[in-house]
Amino acid sequence: MNQIRAMRVFLRVAELGSLTAASADLGYSRGMASAILNELEAYLGVRLLERTTRATRLTEEGALYAERARAILAEIEALEDEVGAAEKMPRGHLRVQMPPGLLRIVVAPELPRFFTEYPDVSLELLSRNRVPDFVGDRLDAAVFVGELPDSALISRGLGRIPLLTLAAPAYLERRGIPATPADLAGHETIGILSSQTGRPSPWSFRNGGTSETFHPAGTLAIENADAAVVAAAGGLGIVQIASYLVFGEVKSGRLVTVLDNWRPAAFEARLLMPTGRLRPRKLRVFETFLIEAGKRFRDRWQIRDVA
């Protein structure tokens, strides 16, 4: 029995929920696909699929086998890609998590470039701003902005993201303009809840060799960064946030920067992978694409990095 072929057939049936659809997708006759599955179940001595006239569902043993087989096939694909010819076009599927704003504003507009150059790579992009669960979410990689959640992960830098401290002009007219980070104690602030701590992330400031930290404790804290931008533009307070999220609001004048002499340190955007995994060519070219997408965005907005 060709176990690799049997795994591929079984997984496609499990994913599509139909033997007929899976056999057509793989280019097999329905009878041939059925024979491969029967041989696999006989070899393992368990039933992997419950087949009815309406649907095909995984058994408990089938769900376990599917999880392990998917990982095995991914490793085989990565190994073949790693040692294959350099000129070979990358192909296959990638499942990557990244922050919603970064995906919407920086990455999504550049995707036509990626698919034009790499038409044989398919993507699943999860829009989530949290510590990645590589096993539970079946991730190949994750883009993370901020402090690394786990030092055991493989981390590759994608570029630095400056932060800005901003407020709506109407708010500043009403409450005044802060001159130093200490002045923020007398202002309304909009905190961004950390996915790691569940509390508002502290704000950092630098002025020459002096560093200060401010802990926002205003009447509003929001988990979703896009919503925090809307709240700030509505005049509810001062916010400190990743620059890529607010350049449209800054250009239109709905938000203006404050404390320009006290600039926050830039965050590093990183591509994370679990230790021990191979880095297939499809992931390497996607990493390069992410770096170039970030550069094009910074060039378009003439963003100056802040160390």
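Hi everyone! Let's start with Pro 181: its relative accessibility is 4%, so this residue counts as buried, since buried means under 20%. Please keep in mind that we are looking at a predicted model.

Arg 206 is 25 residues away from Pro 181 along the chain, and their C-alpha atoms are 9.7 Å apart.

Now let's turn to the surface. Tyr 43 belongs to helix α3, which covers residues 30–44. Is Tyr 43 buried or exposed? Its relative accessible area is 53%, and exposed means over 50%, so Tyr 43 is exposed. Together with Met 1, Leu 44 and Val 46, Tyr 43 makes up a nonpolar surface patch with about 350 Å² of accessible area.

Finally, let's go inside. The largest nonpolar core contains 47 residues, and the ones with the most contacts inside it are Ile 241, Tyr 244, Leu 245, Phe 286 and Leu 290. Apart from that core there is another one, of 18 residues, including Ala 33, Tyr 65, Ala 69 and Leu 73.

Let's zoom in on Ile 241. Leaving out residues up to four places away in sequence, Ile 241 touches Pro 162, Leu 163, Leu 164, Leu 166, Ile 192, Ala 225, Ala 228, Val 229 and Val 246.

Methods
Residues numbered from 1 in each chain as written. Predicted model: local features only at pLDDT ≥ 70, side-chain atom pairs only at ≥ 80, totals over all residues. Heavy atoms only, no water. Buried < 20%, exposed > 50% of the residue type's maximum accessible area, 1.4 Å probe, protein only. Patch = residues over 30% accessible without salt bridge, like charges linked within 9 Å, V, L, I, M, F, W, Y side chains within 5 Å. Areas by Shrake-Rupley, 256 points an atom, 1.4 Å probe, with all protein chains shown as cover. Salt bridge = Lys/Arg side-chain N within 4 Å of Asp/Glu carboxyl O. Helix = DSSP H or I, 4+ residues; strand = E, 2+ residues; numbered from the N terminus. Core = buried A, V, L, I, M, F, W, Y, C linked by side-chain atoms within 4.5 Å. Contact = heavy atoms within 4.5 Å.
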